[in-house]
Amino acid sequence: MAAAAWKKGSVSLEGKKVILVPYMEPHVPKYHEWMQDPSLLQATASEPLSLEQEYQMQLSWSRDLNKETFIVLDKDLLFGTFSHGQPHVEAMVGDVNIFMNDINNPQIAEVEIMIAEQTSRGKGLGKESVLIMMAFAIEKLGIRTFQGFVQTSHSNIFKEVTLELQITQAKSEEMLGLMGTVIKHT
């Protein structure tokens, strides 16, 4: 399956419980607030940033062709109906990212999820967000391998384990069928 053409930052992804929207400037203050929590900083291996630095980070992520970042919205927290292109800050609960860092193989990606709002954890929002993001990456980015699933290497020196999930045509069709993801373009 070839990756379909699309414009970065122009889609929202909708599942049963969540809507993933591009990380936009209006999201930054709440994201910055989350990243003041020492436990989130530790869990995400992040350093604290000033609000201005956070704005610069959001801008750089929005331009980075090797990274896709979406804000996770909890549909139960939306005021009114969802409107594509609007930030819906009131429903922000976390973010999900795809990193394509292997310059030798652009079909390999890493998925990361953060459900920052403690009251939103344990509801399946993270699982659904990751599955939606993976379906998006398969369909729109041509990703065939996700790091993070089957151990493929181990480094005692760095105490690091690499996990991967190979995406076959059958697995791709299964994931896309399970998700029923709605992709909305601007």
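The accessible surface of this protein comes to about 10100 Å², and 53% of that area belongs to carbon and sulfur atoms; such areas come from the Shrake-Rupley method with a 1.4 Å probe, and for residues only the protein chains shown count as cover. The model is a predicted one, in which local features need pLDDT of at least 70 and side-chain atom pairs count only at pLDDT 80 or more, while totals for chains, interfaces and linings use all residues. Residues are numbered from 1 along each chain as its sequence is written, and side-chain values use heavy atoms, with hydrogens and water left out.

The protein has 5 helices and 8 strands, taken as DSSP runs numbered from the N terminus (helices H or I, at least four residues; strands E, at least two). From the N terminus on, their order is β-β-α-α-α-β-β-β-α-β-β-α-β.

Now for the interior. Of the 186 residues, 43% count as buried, where buried means under 20% relative accessible area, exposed over 50% and partly exposed in between (1.4 Å probe, protein chains only). The largest nonpolar core has 24 residues, and L20, F70, I98 and F146 have the most contacts inside it. Such a core is a set of buried Ala, Val, Leu, Ile, Met, Phe, Trp, Tyr and Cys residues joined through side-chain atoms within 4.5 Å. At least two core residues come from each of β1 (11–14), β2 (18–22), β3 (67–74), β4 (92–99), β5 (108–115) and α4 (125–141), with α4 giving the largest share, 9 residues. A second, separate core of 19 residues includes I19, Y31, M114 and A116.

Beyond its neighbours within four places in sequence, F70 has contacts (heavy atoms within 4.5 Å) with residues including L13, L20, V96, M133 and F136. The C-alpha atoms of F70 and V96 are 5.5 Å apart, although 26 residues separate the two along the chain.

Finally, let us look at the open space. The largest pocket has a volume of about 380 Å³, which is the space filled by probe spheres set on grid points joined across faces, edges and corners. On a 1 Å grid over the protein atoms alone, a pocket is an open set of points with protein on both sides within 12 Å along at least five of seven lines, and lining residues have an atom within 4 Å of a point. Of its 19 lining residues, Y31, M35, T44, S46 and W61 are the closest to the centre.

Definitions and conventions. 1 Å grid on protein atoms, 1.4 Å probe; cavity = no way out; pocket = protein on both sides within 12 Å on 5 of 7 lines; lining within 4 Å.
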